[in-house]
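Hello,

Here is the structure I promised to pass on. Have a look at it first, and then read my notes below.

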Amino acid sequence: MRRQPLDSLLADLDARYLTRRRTTVDGFVEQGNRLVTAKDGRTLVDFSSNDYLGLAHHPALASAMSECAARNGAGSAASHLITGHGVEHERLEEELAAFLGRERALLFSTGYMANLGVMTALADRGECILLDRLSHASIIDGALLSGARFKRYPHCDAGAVECELEENPGITVVATDGVFSMDGDVAPLQRLASAAAARKAWLVVDDAHGIGVLGDNGRGSLEHCGMSGDAVPVLVGTLGKALGSFGAFVAGSRDLIEYLIQKARPYIYTTALPQPVAAATREALAIAQRETWRRERVLALTARFRNAARERKIPLLESNTPIQPVRVGSSGAALAAQRCLFESGFRVVAIRAPTVPRGSERLRVTLSAAHPENQVDAVVESLQRVVGGGLRTTPAERRSS
Ligand SMILES: *Cc1c(COP(=O)(O)O)cnc(C)c1O
């Protein structure tokens, strides 16, 4: 078969409202408010970042970064296993392990690569991986790359996982998000952990959106579910979300980390994260632990948002995390709603297929400790104008909103 011209493929995406566009922005925090300036010069309040604790613009992170850059240079100049592994990386790994109560942690350049590394190292051809239907794309890609077969179970259905594990002894890995990135709900970690442990399968939890936000000490979804570290042998976390920096890690036993160092190709064959990034992350981790008000604030703003949205009959998904999806139902409607909110001065991004299943297109509002209360109230008012009332919802959706 001959290749298709790209312009017709692009036109086809456009006709289905599936073209993705970047907006070039200049992000900053002013008087405790997360703002972005769009190219046309307009300033918008940003309700789409993953900067849950408001740390991305913290001056202490910026100065840790520049001091480290002056000392160690901008780049690491080699992979970790050659000469790229620096003191800042080593300390950050120790501090992450201590924070999470694990024997060791291993830095990866991105969460995407951490998931590729974990899945390819732990699963092999001839084995089977079990994934939540709404798992992050990087978990799915890791499963594909591993060469193992994989099977997706209905979203958050621990019963289905128990059955599959019982029936299929070939399953060696079960993987799930801790907090689901597009839905904001939390996986049933206790049941998944006991089911996987009973069948000697690895449980991999990607807690990109839980670390720093959930749990009494900000340790994430596991702490939120009342679980200790060792209940989940493989914990993946990212550093570019609540911690406001960049990069990712895997935390677990000494042997797990040693094995990943030997086997995880996305760890081995890539340049080490710049040390200034690690230095900024160490600062972020210290602030996140010290300033517990950040976590409390973003969760209080989340509750405020939900209450106000419920009163106005805005169709929310069931989520108590700072990820608050608003159902709109089609790609065209999601884009139109996004545009209306832009006009009202808010950046709230439409999430379309294939990021979410078709028919579940949504606006994804995310809260940050760097939002003032009045802006949270204002975005709810705009949402009501844009999506409130006019939508047809199913009975299940009405119950969950
Ligand atoms: C953001 C995200 C990732 C990717 O992390 P990056 O560091 O941005 O590559 C992986 N998993 C989940 C669940 C995420 O939300």
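To start with a definition: rings of Phe, Tyr and Trp (its six-membered ring) pair if their centres lie within 6.5 Å, and planes under 30 degrees apart count as stacked, over 60 as edge-to-face and the rest as tilted. Two such aromatic pairs turn up here. Please keep in mind that this is a predicted model, where local features need pLDDT of at least 70 and side-chain atom pairs count only at pLDDT 80 or more, while totals for chains, interfaces and linings use all residues. Residues are numbered from 1 along each chain as its sequence is written, and side-chain values use heavy atoms, without hydrogens and water.

Phenylalanine 47 sits in the loop between β3 (43-46) and α2 (59-72) and phenylalanine 346 in strand β12 (residues 346-347), so the pair ties together parts 299 residues apart in sequence. (Helices, H or I of at least four residues, and strands, E of at least two, are DSSP runs numbered from the N terminus.) Phenylalanine 47 is buried, at 0% relative accessible area; buried means under 20%, exposed over 50% and partly exposed in between, with a 1.4 Å probe and protein chains only. Phenylalanine 346 is buried as well, at 4%.

The other pair, phenylalanine 108 and tyrosine 267, is edge-to-face, with 5.5 Å centre to centre and 65° between the planes. Phenylalanine 108 belongs to strand β4 (residues 104-108) and tyrosine 267 to helix α11 (residues 265-268), 159 residues apart.

Enjoy exploring!
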